[in-house]
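This briefing sets out what can be read from the model shown below. The points are grouped by topic.

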Number of protein chains: 2
Amino acid sequence: MFEKNLEIGFLLDFYGDVLSERKRTVLDYYYNDDLSLAEIAEEIGISRQGVRELIKKSADELLFYEEKLGLARRFREAEEQARHLLEMMETARVDGEIRDAARRLMETVKG
Amino acid sequence: MFEKNLEIGFLLDFYGDVLSERKRTVLDYYYNDDLSLAEIAEEIGISRQGVRELIKKSADELLFYEEKLGLARRFREAEEQARHLLEMMETARVDGEIRDAARRLMETVKG
């Protein structure tokens, strides 16, 4: 058994739409619905070993995108920075209109 | 001749690293260096028609990514929002430390 990589679930939300439907489905079953290999095998009608290989291949595809583009990391960083900025603004009682603008920015960068 | 699509140059900066080197090179020659099809043909040693097809195929790949993921659009929107936020902060003379935090966020979302 390979270890479940929580990062994959995150990358699936981020890049999942460029995968084929079959790959997306199998990763979704495994990482989001927490089905076992045997359950997924029964669900999509291939062998347990086939499921294992398909998960590996699909996860590698997600990792390839993030390694090349790093966009998930950048969005996550922007979200943290926006959260920190909002906290500072709250403490300093910055004008409400400016805080609203920061909140809208936060929504845009949130995954 | 197909029309030059300025959006492609932008998407190339954004998603170019997931293309093969050949595709990235040909788009770079065409959209960034503004070489003609004939010049690119000579440069990489294929026919003019081959270049045309390669550009079309590579550009379609970029458009596919943006259609599926919409990340370039989201980054651009975040950048505009961050710029607007910084302007508002400047006008309202918001505390320098908070403005620095907003500037760092701006750097993260800038293309």
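Helices here are DSSP runs of H or I with at least four residues, numbered from the N terminus. By that count, Thr108(B) belongs to helix 6 of chain B. The model is a predicted one. Chain A is assigned domain 1 (6-69) and domain 2 (72-109), and the C-alpha centres of these two domains of chain A are 32 Å apart.

**Helix 2 of chain A**

- Helix 2 of chain A covers residues 21-32, and its 12 residues should span 16 Å at 1.5 Å a residue; the distance of 15 Å between its end C-alpha atoms agrees with that.
- Val26(A), Leu27(A), Tyr30(A) and Tyr31(A) are the buried residues of helix 2 of chain A.

**Helix 4 of chain A**

- The 22 residues of helix 4 of chain A should span 32 Å at 1.5 Å a residue, in agreement with the 32 Å between its end C-alpha atoms.
- Val51(A), Leu54(A), Ile55(A), Ser58(A), Ala59(A), Leu62(A), Tyr65(A) and Leu69(A) are the buried residues of helix 4 of chain A.
- Viewed down the axis of helix 4 of chain A, these buried residues fall within an arc of 125 degrees and therefore line one face of the helix.
- The face turned away from the buried side of helix 4 of chain A carries exposed residues, namely Gln49(A), Glu53(A), Lys56(A), Lys57(A), Asp60(A), Phe64(A) and Glu67(A).
- The buried residues of helix 4 of chain A are covered by elements of both chains, including helix 1, helix 2, helix 3 and helix 5 (71-91) of chain A and helix 1 (6-15) of chain B.

**Residues with positive phi in chain A**

- Asp34(A) follows helix 2 of chain A and is placed in the loop between helix 2 and helix 3 of chain A.
- Asp34(A) is not a glycine, yet its phi is positive, at about 60 degrees.
- With 10 other C-beta atoms within 10 Å, Asp34(A) is exposed, because a residue with 12 or fewer counts as such.
- Gly70(A) comes after helix 4 of chain A and has a positive phi, near 60 degrees.
- Arg93(A), again a residue other than glycine, has a positive phi near 50 degrees.
- Arg93(A) is placed in the loop between helix 5 and helix 6 (96-109) of chain A, and it is exposed, with 8 other C-beta atoms within 10 Å.

**Relation of the two chains**

- Chain B superposes on chain A by a rotation of 180 degrees with 0.0 Å of shift along the axis, at an RMSD of 0.0 Å.
- The two copies are thus related as by a two-fold rotation axis.
- The C-alpha of Val94(B) is the one in chain B nearest the axis, at 3.6 Å from it.

**Contact between chain A and chain B**

- Chain A and chain B each give 26 residues to the contact.
- On the side of chain B that touches chain A, the elements giving two or more residues are helix 4 (48-69), helix 5 (71-91) and helix 6 (96-109) of chain B.
- Helix 5 of chain B supplies the largest share of that side, 10 residues.
- By type, the residues on the side of chain B that touches chain A are 17 nonpolar, three polar and six charged.
- The copies meet through the same surface, because 100% of the interface residues of chain B are also interface residues in chain A.

**Thr108(B)**

- Thr108(B) has 21 C-beta neighbours inside 10 Å and so counts as buried, the cut-off being 20 or more.
- Apart from neighbours within four places in sequence, Thr108(B) is in contact with Arg74(A), Glu77(A), Ala78(A) and Gln81(A).
- Between Thr108(B) and Gly50(B) there is a separation of 58 residues in sequence and a C-alpha to C-alpha distance of 38 Å in space.

Key
Residues are numbered from 1 along each chain as its sequence is written. Chains are lettered from A and ligands numbered from 1 in the order in which they are written. This is a predicted model: local features need pLDDT of at least 70, side-chain atom pairs count only at pLDDT 80 or more; totals for chains, interfaces and linings use all residues. The expected span of a helix is 1.5 Å times one less than its number of residues. Domain bounds come from an automatic or database domain assignment. The arc is that of the directions from the helix axis to the C-beta atoms. Two residues are in contact if their C-beta atoms, placed from the backbone, lie within 7 Å. Ala, Val, Leu, Ile, Met, Phe, Trp, Tyr, Cys and Pro count as nonpolar, Asp, Glu, Lys and Arg as charged, and the others, Gly among them, as polar. Copies are superposed by least squares on the C-alpha atoms of residues with pLDDT of at least 70 in both.
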